Amino acid sequence: QLNIIFLLGKINYFKSEAALDNNTIELAVEHLDKSIEWYDLSENQMYKIDMMVERLKLYIEESQYKLGEKYLSKILIQLNKIKDSYDSSLIDILKIYLDVVNKNITNVEIDNIKNLISNGIDTKNIYAYWYLARISSLLDEQDKAIEYHKKSKEILGIIMDKLKTESEKELYRETFYNKKLMLPLEKNENKTVDNKYLISCPNCSFGNENNFGFCPGCGTSLRT
């Protein structure tokens, strides 16, 4: 029974990735939330935290920084349950990113943050370096931003080289985050867009606590 529940968690994660690749963010969020629920039921804490980190990344990419900060606190509670058995480097870097954006913290030692990242070649490190590059850019440390952005793309290239066919490489390159990663870094990211969604639908009064762009009840746009 637990294996079936775990599989449902994975299936919903893959569905969320497919939704992201089609730029249907609301559907991606829906599947991620289901994936988190299934992993919770299967008592797989590590996969549950992985999915929560994916949800946090979407808060950031949608510029919902205050909501991201609140959600991060939930991740830290879950992380505390498994202590040192989880590589939290990406979570630590996302926390610093949110601190810089939400609290205008500028006294960040970039090189010390880099030491949080392991030397492994995996997808987690791709995004750890990418967000580190974005932190550097926000702090106007452009040389470091270029250095870490280059590192993230190098790891992406190494992983792509392990894929067998050109079509597999192209599919991997064109996924939601990898496409964004290949773009030039923005020098100043949007810091004030948490109010981009209505708190309820003006047509059917649906409560929009999950910040959907369109009402799941009637389809009305909920963007301000």
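**Getting to know an all-in-one-chain model**

Visitor: What pattern does the chain follow along the sequence?
Guide: Reading along the sequence, you get α-α-α-α-α-α-α-α-α-α. Helices here are DSSP runs of H or I with at least four residues, strands are E runs with at least two, and both are numbered from the N terminus.

Visitor: And how many helices and strands is that?
Guide: The chain has 10 helices and 0 strands. Keep in mind that the model is predicted: local features need pLDDT of at least 70, side-chain atom pairs need 80 or more, and totals for chains, interfaces and linings use all residues. Residues count from 1 along each chain as its sequence is written, and side-chain values use heavy atoms, without hydrogens or water.

Visitor: How much of the chain counts as buried?
Guide: 44% of the 224 residues, where buried means under 20% relative accessible area (1.4 Å probe, protein chains only).

Visitor: Switching topic, where is Ser-136?
Guide: Ser-136 sits in helix 7.

Visitor: Buried or exposed?
Guide: Ser-136 is buried, because its relative accessible area is 0%.

Visitor: Which residues is Ser-136 in contact with, leaving aside neighbours within four places in sequence?
Guide: Ile-110, Glu-141, Lys-144, Ala-145 and Tyr-148. Contact means heavy atoms within 4.5 Å.

Visitor: Back to the whole chain: what share of contacts between residues at least 6 apart join residues at least 24 apart?
Guide: That share is 62%.

Terms used: Buried means under 20% relative accessible area, exposed over 50%, partly exposed in between (1.4 Å probe, protein chains only).
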